[in-house]
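Welcome, and please take a moment to look over the sequence and the model.

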Amino acid sequence: MLDQNLLSLIIFSPLLGVAILFFIKNENKSLQKIIAIANTILTFALSLYLYFKFDSTKSDYQFMQDLEWISGFDIHYILGVDGLSLVLILLTTFLTLISIIGTSNSIKEKLKGFLQFVLLLEVGMLGVFLSLDLVLFYVFWEAMLIPMYFLIGIWGGEERIYATVKFFLYTMFGSLLMLVAIIYLGYIASTIPQGAFTTNLIKLNSIAPTLSKDLQLILFLAFTFSFAIKIPLFPFHTWLPDAHVQAPTAGSVLLAGVLLKMGTYGLLRFSIPFFPIAAIEMAPIISTIAVIGIIYGALVAMVQTDIKKLVAYSSVSHMGFIVLGIFSFSIEGTQGAILQMLNHGLSTGALFLLVGMIYDRRHTKLISEFGGLAKIMPIFSTLFLIITFSSIGVPGLNGFVGEFLILLGAFKSTILSRGFSIVSALGVVLSAIYMLWMYQRVFFGVVSKDENRNLKDLNKTEIFVLSLILIFVLWIGIYPSTFLKLTEISSAKILTVLFDTSKYLSIL
């Protein structure tokens with residue numbers, strides 16, 4: 001019984017915490033935190049159960065649940081998991097737990113509402129990764145915007161309203177194009193012999209690739225434009241720095257750690273398998289944009305005066321690497337891209353946690369306000385340095401494995417020239433420059449500000465939260481096969497569909 005409904009339990013278990021919190025008095029903040037933490041532990045435990053029960057040797061979706069949803073149409077409540085979605089489910093449940101444990105103490109007002117919105121956001125994120133019906137996917141995709149809107153709009157910084165509206169409008173505009181494409185795909189399914197309107201992912205995987213090249217190109221662009229905004233891919237990135245800077249720490253962790261991965265997940269789940277001919281045609285163009293984003297994000301990060309904004313622009317650069325890996329259409333690049341989705345979530349999530357911790361103590365994120373913190377906060381400085389090394393891809397830590405596989409995949413690609421790999425490698429160098437330069441100015445030198453002299457080092461809770469992330473940073477860096485094995489068959493399946501276009505050549 002548990003296995004049959006496991007995916008639904010994972011998606012909707014955070015609603016239990018939301019419901020219980022309604023009955024807790026506003027002033028009883030300790031109980032509110034306990035309930036939220038217990039609820040996220042439950043959801044994470046269910047995702048771990050899914051991990052241990054998952055068979056990585058099977059190519060089909062597992063733990064599927066299929067219920068009729070909208071009668072008269074083939075629109076079902078259908079869920080399923082493969083290696084690609086499993087990795088992202090584990091990342092989502094882990095980072096939500098980390099966010100609540102690590103940041104709830106910094107929320108001084110309306111804590112109950114804050115915790116409820118974080119849990120609601122988790123529902124939307126989990127639903128996106130497990131939906132096998134495009135309408136259901138779209139519902140979760142849009143529903144996720146609502147709690148993030150309130151998290152930034154209520155608990156954000158001084159310019160939170162501007163950042164929230166910008167984030168909402170950007171995402172909403174791209175989503176509408178995707179909705180039109182979903183409806184049109186369903187209509188196409190109804191026009192084939194003995195066909196019917198359907199938004200079933202599995203059925204559309206066999207219908208969409210048979211479309212003409214021109215129609216594939218139009219629908220590919222409609223889907224990919226929506227995902228490019230979410231990633232965000234240059235030049236659709238301008239909402240991201242504002243949203244990150246204004247968001248509360250938990251919002252930044254989940255935004256960078258999970259929400260951006262929805263865009264790259266969409267490319268791997270929909271854009272490429274549905275429209276393989278268009279994907280091959282557009283690969284050089286999108287890869288060029290990705291490389292521009294890698295270099296641009298790194299150069300802009302280099303001149304930032306705000307630590308949080310620097311980390312935000314580093315995300316633009318790092319997400320460009322993931323897109324390059326995806327469109328290299330090689331097994332190394334695809335595997336590297338998926339692993340780097342996990343790596344970026346861990347490393348950048350940890351960086352935002354660290355920035356939030358120092359902000360709670362000094363109420364500023366300006367690099368110029370710091371200096372010499374290594375003498376004042378040795379534990380904080382040490383952990384920050386390890387995460388910095390992780391972010392820039394030092395061998396032995398998680399970031400190196402993902403970037404190496406992406407660059408190798410781009411170099412071996414039969415679609416892209418080797419120049420893409422060579423130019424994007426410059427982004428690795430630039431990443432080391434801006435991250436280490438920032439670290440030098442914040443942690444080394446003299447303690448120039450009196451406000452910094454009495455700063456307290458990390459407490460036990462903060463050390464515990466960061467240590468949990470460090471376990472995975474070291475684990476992936478030393479033994480990445482644990483996670484690469486999960487996604488190997490899913491990656492191979494995507495590439496098989498992509499290059500198996502010979503049966504469609506007659507319609508071109």
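Two residues are in contact when they have heavy atoms within 4.5 Å of each other. The model is predicted, with local features needing pLDDT of at least 70 and side-chain atom pairs counting only at pLDDT 80 or more, while totals for chains, interfaces and linings use all residues. Residues are numbered from 1 along each chain as its sequence is written, and side-chain values use heavy atoms, with hydrogens and water left out.

Let us start with Lys166, which sits in helix α7 (residues 160–191); helices here are DSSP runs of H or I with at least four residues, numbered from the N terminus. Leaving aside its neighbours within four places in sequence, Lys166 is in contact with Thr238, Trp239 and Asp242. Lys166 counts as buried because its relative accessibility is 18%. On this scale, buried means under 20% relative accessible area, exposed means over 50%, and partly exposed lies in between, using a 1.4 Å probe and protein chains only.

With a relative accessibility of 12%, Ser8 counts as buried. Apart from residues up to four places away in sequence, Ser8 touches Ser13, Gln65, Tyr77 and Leu79. Leu21 has a relative accessibility of 0% and therefore counts as buried. Not counting residues up to four places away in sequence, Leu21 touches Gln32, Ile35, Lys112, Leu115, Gln116 and Leu119.

Two packed helices are described by the angle between their axes and the distance between the axes. The axes are lines fitted to C-alpha atoms, for helices over the stretch in contact, and angles run from 0 to 180 degrees between N-to-C directions. Angles under 35 degrees count as roughly parallel, over 145 as roughly antiparallel, 65 to 115 as roughly perpendicular and the rest as oblique.

| Helix pair | Angle | Distance between axes |
|---|---|---|
| α5 and α6 | about 5° | 5 Å |
| α5 and α7 | about 170° | 11 Å |

α5 and α7 are therefore roughly antiparallel. On the α5 side, their contact is made by Leu134, Phe137, Tyr138, Trp141 and Glu142, and on the α7 side by Thr171, Met172, Ser175, Leu176, Met178, Leu179, Ile182 and Leu185. By class, this contact of α5 with α7 has ten nonpolar, two polar and one charged residues. The classes are simple: Ala, Val, Leu, Ile, Met, Phe, Trp, Tyr, Cys and Pro count as nonpolar, Asp, Glu, Lys and Arg as charged, and the others, Gly among them, as polar.

What about the other pair? α5 and α6 are roughly parallel to each other. Here Trp141, Glu142 and Ala143 of α5 meet Leu145, Ile146 and Pro147 of α6. The residues of this contact of α5 with α6 divide into five nonpolar, no polar and one charged.

**The largest pocket**

The largest pocket has a volume of about 830 Å³. A pocket is an open set of points on a 1 Å grid over the protein atoms alone, where a 1.4 Å probe fits, with protein on both sides within 12 Å along at least five of seven lines; lining residues have an atom within 4 Å of a point. Grid points are joined across faces, edges and corners, and the volume is the space filled by probe spheres set on the points.

How many residues line the largest pocket, and which lie nearest its centre? There are 31 lining residues, and Ser106, Ile107, Trp155, Tyr359 and Asp360 lie nearest the centre. At least two lining residues each come from α3 (83–103), α6 (145–155), α10 (239–246), α14 (331–362) and α19 (460–478). α14 gives the largest share of the lining, six residues. By class, the lining has ten nonpolar, twelve polar and nine charged residues.

**Backbone details**

Most residues other than glycine have a negative phi, and most peptide bonds are trans. A cis peptide bond joins Ile231 to Pro232, with omega about -10°, and another cis bond joins Phe234 to Pro235, with omega about 5°. Pro232 lies in the loop between α9 (213–230) and α10, and Pro235 is placed in the loop between α9 and α10 as well.

Lys110 is not a glycine, but has a positive phi of about 55°. Lys110 belongs to the loop between α3 and α4 (111–130) and counts as exposed at 58% relative accessibility. Phe329, in the loop between α13 (307–326) and α14, has a positive phi near 55°. Phe329 is buried, with a relative accessible area of 5%.
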